[in-house]
Number of protein chains: 2
Amino acid sequence: MTELRIGLAGLGTVGAEVARHLLNPSAELHKASAAKLVLRAVSARSATAERGFDMAGLDFEAEASSLARRDDIDLVVELIGGADGPAEALVSAALEAGKPVVTANKALIARHGQRLAELAEARSVALCFEAAVAGGIPAIKLLGTGLAANQISRISGILNGTCNYILSEMAATGRDFSAVLAEAQEKGYAEADPSFDIDGIDAAHKLAILAAMAFGRQVDMQAIKIEGIRPISALDIQQAEKLGFVIRLLGVAARDQTPQVQPCLLSAESQLAKVSGALNAVEFDGVPVENIICIGPGAGAGPTASAVLADILDIAGGRTGPAFGRPAAQLQKGVASAAPQPPQAFYLRLEVADRPGVLSEITAILRDNGISVAAMLQQAAGEAGRASLVLTTHQTSGDAMQAACDRLAGLDVCSGRPLALAILNGDMMGQG
Amino acid sequence: MTELRIGLAGLGTVGAEVARHLLNPSAELHKASAAKLVLRAVSARSATAERGFDMAGLDFEAEASSLARRDDIDLVVELIGGADGPAEALVSAALEAGKPVVTANKALIARHGQRLAELAEARSVALCFEAAVAGGIPAIKLLGTGLAANQISRISGILNGTCNYILSEMAATGRDFSAVLAEAQEKGYAEADPSFDIDGIDAAHKLAILAAMAFGRQVDMQAIKIEGIRPISALDIQQAEKLGFVIRLLGVAARDQTPQVQPCLLSAESQLAKVSGALNAVEFDGVPVENIICIGPGAGAGPTASAVLADILDIAGGRTGPAFGRPAAQLQKGVASAAPQPPQAFYLRLEVADRPGVLSEITAILRDNGISVAAMLQQAAGEAGRASLVLTTHQTSGDAMQAACDRLAGLDVCSGRPLALAILNGDMMGQG
């Protein structure tokens with residue numbers, strides 16, 4: 001049996017878990033591997049921190065990129081993180097040196113994926129990043145193997161566990177966004193600087209990678225329309241629930257449409273609505289398979305290690321192909337011909353002055369934009385003569401809704417910009 | 001690009017769908033294939049039936065096995081069905097002749113899988129059967145690729161769409177089993193002879209294959225404990241709902257335990273409980289991935305073709321290994337050391353005489369078997385002095401429950417055998 005000698009950079013929770021499996025001779029992956037897997041050298045910030053495995057016998061490199069230059073390393077695993085800096089330097093150097101790379105780094109792949117895929121192809125080595133998307137859910141391998149014969153029409157998913165945890169907690173406890181976020185930060189579920197997660201960037205990285213794989217496009221973060229969950233209030237969640245919906249941050253990439261990450265209303269009866277807490281889910285629509293949903297832990301040491309190790313096994317078994325499923329030169333730049341988004345129903349919340357005539361000003365603007373109100377849900381009096389006005393609309397174009405929101409935001413009686421959330425399964429809305 | 005010349009036996013709905021994709025040059029699978037896929041010859045009952053594609057240009061073989069003997073065929077696809085007869089003859093002959101085989105035939109693999117895997121290995125060709133389990137859900141490829149690094153501890157699933165449709169319809173309409181079955185037969189969702197589905201045999205075939213893959217065992221139908229859904233009444237579904245549960249036919253294979261197919265109560269809040277209609281679901285528990293659930297269509301031309309075509313792509317790309325994931329000689333015979341089932345709570349329904357003293361006779365038998373009653377749910381008066389008695393128990397062993405049911409069935413006051421259904425998430429039951 002040939003040996004596959006591994007250099008591992010980054011020994012955080014995921015890196016340490018990967019190392020423990022590689023160093024444990026009775027771990028399942030050794031039975032499944034076509035090559036003898038040997039962890040040869042590691043790189044991390046500290047050479048001496050306690051990580052639950054014996055560092056003796058492993059070479060230590062203070063500089064991660066040094067792993068790429070060692071003759072006794074056949075495969076580099078990058079678990080440092082960050083779109084640039086030492087992670088990018090290591091991955092580029094390893095591919096340049098003709099070594100296959102496994103990474104969990106979604107920011108790196110979302111930003112530099114095309115260039116790195118081209119480099120890997122030029123050197124005829126594999127670049128694998130299953131762990132970059134949806135943690136333990138093998139979404140990339142599903143596209144490349146189990147669903148390989150399908151023309152995928154749409155991928156959607158709950159791709160950020162922090163957002164899903166916050167939205168689930170808000171629904172379970174009735175508390176407002178900021179209180180739940182603060183608690184999540186205390187518990188370590190959210191970062192001290194949470195913007196990467198709650199503003200939808202992290203989900204967009206993953207969606208960019210999935211869209212590239214599914215539609216044969218160059219990975220392109222700029223192409224994604226991104227809205228985060230900061231504007232979602234306890235009132236929104238409560239009103240959605242009354243209508244039979246839950247609010248989820250959903251990434252949606254449909255063939256020939258602009259991919260979007262946005263909070264939206266999902267029927268409470270839908271499978272994705274049941275995905276709560278820090279779970280992730282990826283839904284595939286395609287021909288001929290119809291519809292497949294895969295649900296699992298989107299982060300955490302074990303699930304992420306499962307994905308990293310599966311990539312190592314693919315490389316050991318020679319089961320790899322081009323990084324994005326087809327030769328990098330064949331990947332299209334941008335959406336071929338972006339079709340307009342199909343019309344959707346919307347949930348709309350406005351903070352307004354609580355005085356006569358406001359409603360008629362607002363409904364006139366909606367009418368002027370061709371938007372028809374389905375139901376007026378709530379007109380809760382707030383502080384100091386302000387009120388929250390919640391309504392739902394019949395199906396309308398996203399452009400019309402955006403134009404209406406622009407005008408509504410300019411009204412004296414409105415504070416701030418209205419919150420407009422797409423309602424998926426809009427056909428379940430009342431008539432009015 | 002090398003050519004892979006295909007012989008396809010069986011042109012029912014799935015076979016015709018597979019043929020249409022192979023014959024359509026713009027179908028996605030041709031872009032994804034490492035070899036040029038050419039459908040060369042077919043075999044079916046009729047050479048002339050209209051199937052939505054042009055048979056001209058395809059050789060026709062009246063006898064399926066003839067496909068195995070043709071020098072101009074590199075790969076045989078078997079979609080005839082049935083554990084023996086022409087399907088078995090074709091698959092054996094093809095492997096014997098050194099041709100790789102793709103089949104959707106769960107009965108064949110469940111009965112002859114070990115022998116066929118040995119034969120395939122001896123001839124160094126692939127035997128692939130993704131489509132035999134859970135239709136469009138790539139459960140086998142998930143085990144072999146995305147989850148390959150995991151030690152799987154448990155696989156469970158909703159593996160028979162007919163049963164799931166019947167149970168879902170009973171819950172939605174309140175009708176009884178026989179009425180819904182008759183309607184399902186009229187609509188073509190259930191066979192004229194439905195026993196294969198509703199008695200759990202079909203689900204057991206699939207569970208046997210999954211257990212073999214996940215635990216490195218020889219596929220063994222005899223090892224599975226099977227109960228079907230015939231005894232489930234509208235009353236059971238209604239009572240389960242009151243308790244916050246739904247009834248599903250679940251296949252469960254845990255490492256070192258006897259695999260079981262049985263109707264059971266699942267928390268209505270669980271992900272599997274939301275799997276309704278003809279959908280299938282497969283849940284994987286393992287280390288380090290924790291828990292992954294995959295949901296999708298368990299049957300139908302498109303989804304099954306998706307799985308068949310994915311196998312063809314794996315063979316075209318040289319991405320195949322041993323049929324059951326490890327060399328056939330390494331597969332264990334039987335469960336190594338069957339551990340006792342962990343204790344479970346039960347739902348129990350008895351048809352009893354409606355007269356004083358009956359309850360004390362019954363509860364005495366439960367007490368004698370160490371079974372503690374959690375809640376007495378219903379004592380509905382029926383016809384002619386009979387009543388349905390429904391209760392739930394605290395956690396107890398399956399053996400104790402079986403012994404109690406044996407004794408209860410022998411009571412003069414009981415008609416027939418009591419129905420005992422395991423309650424998964426038994427911790428959610430009331431105390432008493």
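1. What rotation, and with how much shift along its axis, superposes chain B on chain A? In this predicted model, the superposition takes a rotation of 180° with 0.0 Å of shift along the axis, and it leaves an RMSD of 0.0 Å. That is the relation of a two-fold axis. In chain B, the C-alpha nearest the axis belongs to B:Cys294, at 2.2 Å from it, and both copies use the same surface, since 100% of the contact residues of chain B recur in chain A.

2. The contact between the chains draws 39 residues from chain B and 39 residues from chain A. On the side of chain B that touches chain A, at least two residues each come from α1 (13-23), α2 (28-32), α6 (139-146), β12 (290-297) and α12 (301-316) of chain B. Sorted by class, this side of chain B holds 21 nonpolar, 11 polar and 7 charged residues.

3. Strand pairing also crosses between the chains: β12 of chain A (residues 290-297) and β12(B) run antiparallel and are joined by 3 bridges. Within this pairing, A:Ile293 has B:Ile295 of β12(B) as its bridge partner.

4. Turning to the domains, chain A is divided into domain 1 (3-132), domain 2 (152-296) and domain 3 (345-428). The centres of domain 1 and domain 2 of chain A, taken over C-alpha atoms, are separated by 29 Å, and 8 residues of domain 1 of chain A are in contact with 9 residues of domain 2 of chain A. On the side of domain 1 of chain A that touches domain 2 of chain A, the residues comprise 4 nonpolar, 2 polar and 2 charged.

Key. Residues are numbered from 1 along each chain as its sequence is written. Chains are lettered from A and ligands numbered from 1 in the order in which they are written. This is a predicted model: local features need pLDDT of at least 70, side-chain atom pairs count only at pLDDT 80 or more; totals for chains, interfaces and linings use all residues. Two residues are in contact if their C-beta atoms, placed from the backbone, lie within 7 Å. Helices (H or I, at least four residues) and strands (E, at least two) are DSSP runs, numbered from the N terminus. Ala, Val, Leu, Ile, Met, Phe, Trp, Tyr, Cys and Pro count as nonpolar, Asp, Glu, Lys and Arg as charged, and the others, Gly among them, as polar. Two strands pair if DSSP finds at least two bridges between them. Domain bounds come from an automatic or database domain assignment. Copies are superposed by least squares on the C-alpha atoms of residues with pLDDT of at least 70 in both.
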